[in-house]
Amino acid sequence: MMKSLKKSVRKYRCFAAIAAAMAIMPASANADALNGGTGTPGDDPPIVVGADWFATTDTPPAFFWIGGDGAPNLEGPFTFNALTNVVLDVTDDFLKGDRFEVFDFGASLGLTSLVPVAEGLELGPEAAFNDPSYSSGSYLLGPGAHSITMATVVSPYDGGRGYLRVTPEPSSALLAVVGIVGLCGYALRRRRAGISSA
């Protein structure tokens, strides 16, 4: 009876580990932000990994620039530490036609999409990001410290506001869960093999 109970407990420990991993994956990518880590020290606006963007003048998720082509965002670097792979999303809003180059510690990640200059309304970042007539881009970043800045490549209005967000890459969380499932399966097979040979 005791042997059977121990076997059941071992079997369900793996299921508990899998459930716990699934529950904490989004939180662990955000753990640094919860513990007060902000990447590069200083007054740079810290980004909370996993926080969604929203229509606001708060930085982040908003960023601002004044001037024509080549104008940098006014806030200085947006900093964060990533525990897993993350995706950085950047979008314009309001009047259409602005385009940005995105940098991490001064190294270019690439340009947001090229769009025609046109009238626009304030849609909010989620709607603007999903509207191909607004310039936007997504960039995969690895674990570690990041320091994000933007510069306008095209700025027909001599200033404006855009938005950014950082979210855990879905496949990173999935890979971690798959790894735990594989390890649990391997451990259970080894135990069964040991029991049958005994």
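User: What is the mean pLDDT of the chain, and what share of its residues reach 70 or more?

Analyst: This is a predicted model, and pLDDT states the predictor's confidence in each residue on a scale from 0 to 100. Over residues 11-42 the pLDDT is below 50, although this stretch has 38 contacts in the model beyond near neighbours in sequence. For the chain, the mean pLDDT is 78, and the share of residues that reach 70 or more is 65%.

User: In which sense do strands S4 and S5 pair?

Analyst: Strand S4 covers residues 99-104 and strand S5 covers residues 107-111. Glu101 stands opposite Leu111 in S5. The two strands are joined over 4 bridges, and their sense is antiparallel.

User: Which residue takes a positive phi in the hairpin of S4 and S5?

Analyst: The hairpin has 2 residues between its strands. A positive phi near 50° is found there, and the residue that takes it is Phe105.

User: How far apart are the closest N and O atoms of Asp52 and Arg165?

Analyst: Side chains of opposite charge can pair when their charged atoms come close. Asp52 lies in the loop between helix H2 (31-34) and strand S1 (62-66), while Arg165 lies in strand S8 (residues 159-168), 113 residues apart. The two residues form a salt bridge, and the distance between their closest N and O atoms is 2.8 Å.

User: Is Arg165 buried or exposed?

Analyst: A residue counts as buried under 20% relative accessible area, and as partly exposed between that value and 50%. Asp52 has a relative accessibility of 46%, so Asp52 is partly exposed. Arg165 has a relative accessible area of 13%, and therefore Arg165 is buried.

User: Which residues are joined with Arg165 into one network of salt bridges?

Analyst: The structure holds 4 salt bridges. One of them is formed by the side chains of Glu126 and Arg165, at 3.4 Å from N to O. This pair ties together parts that are 39 residues apart in sequence, because Glu126 lies in helix H3 and Arg165 in strand S8. Through shared partners, the residues joined with Arg165 into one network are Asp52, Asp89 and Glu126.

User: Which parts of the chain does the salt bridge of Glu122 and Arg161 tie together?

Analyst: The side chains of Glu122 and Arg161 meet at 4.0 Å, N to O. Arg161 is buried, because its relative accessible area is 16%. The two residues are 39 residues apart in sequence, so the parts tied together are the loop between S5 and helix H3 (125-129), which holds Glu122, and strand S8, which holds Arg161.

User: Why is the ring pair of Trp53 and Phe129 edge-to-face?

Analyst: There are 4 aromatic pairs in the count. In the pair of Trp53 and Phe129, the ring centres are 5.1 Å apart. Planes over 60 degrees apart count as edge-to-face. The planes of these two rings stand at 65°, so the pair is edge-to-face.

User: Where do Trp53 and Phe129 lie, and which residue lies over the face of Phe129?

Analyst: Trp53 is in the loop between H2 and S1, and Phe129 is in helix H3, 76 residues apart. Trp53 is buried, with a relative accessible area of 5%, and Phe129 is also buried, at 18%. At 5.4 Å from the ring centre, the residue over the face of Phe129 is Arg165.

User: Which residues are linked by ring pairs into a cluster?

Analyst: The rings of Phe63 and Phe100 have their centres 5.3 Å apart and their planes at 75°, so this pair is edge-to-face. Phe63 lies in strand S1 and Phe100 in strand S4, so the pair ties together parts that are 37 residues apart in sequence. Phe63 is buried, with a relative accessible area of 1%, and Phe100 is buried at 1%. The cluster linked by ring pairs consists of Phe63, Trp65 and Phe100.

User: What is the relative accessibility of Thr112?

Analyst: Thr112 lies in the loop between S5 and H3. Beyond residues up to four places away in sequence, Thr112 touches several others, among them Val90, Phe100, Ser135 and Tyr139. Thr112 counts as buried, because its relative accessibility is 1%.

Key. Residues numbered from 1 in each chain as written. Predicted model: local features only at pLDDT ≥ 70, side-chain atom pairs only at ≥ 80, totals over all residues. Heavy atoms only, no water. Pairing = 2+ DSSP bridges. Contact = heavy atoms within 4.5 Å. Buried < 20%, exposed > 50% of the residue type's maximum accessible area, 1.4 Å probe, protein only. Phe/Tyr/Trp six-rings, centres within 6.5 Å; stacked < 30°, edge-to-face > 60°. Lys NZ or Arg CZ within 6 Å of the ring centre and 35° of its normal.
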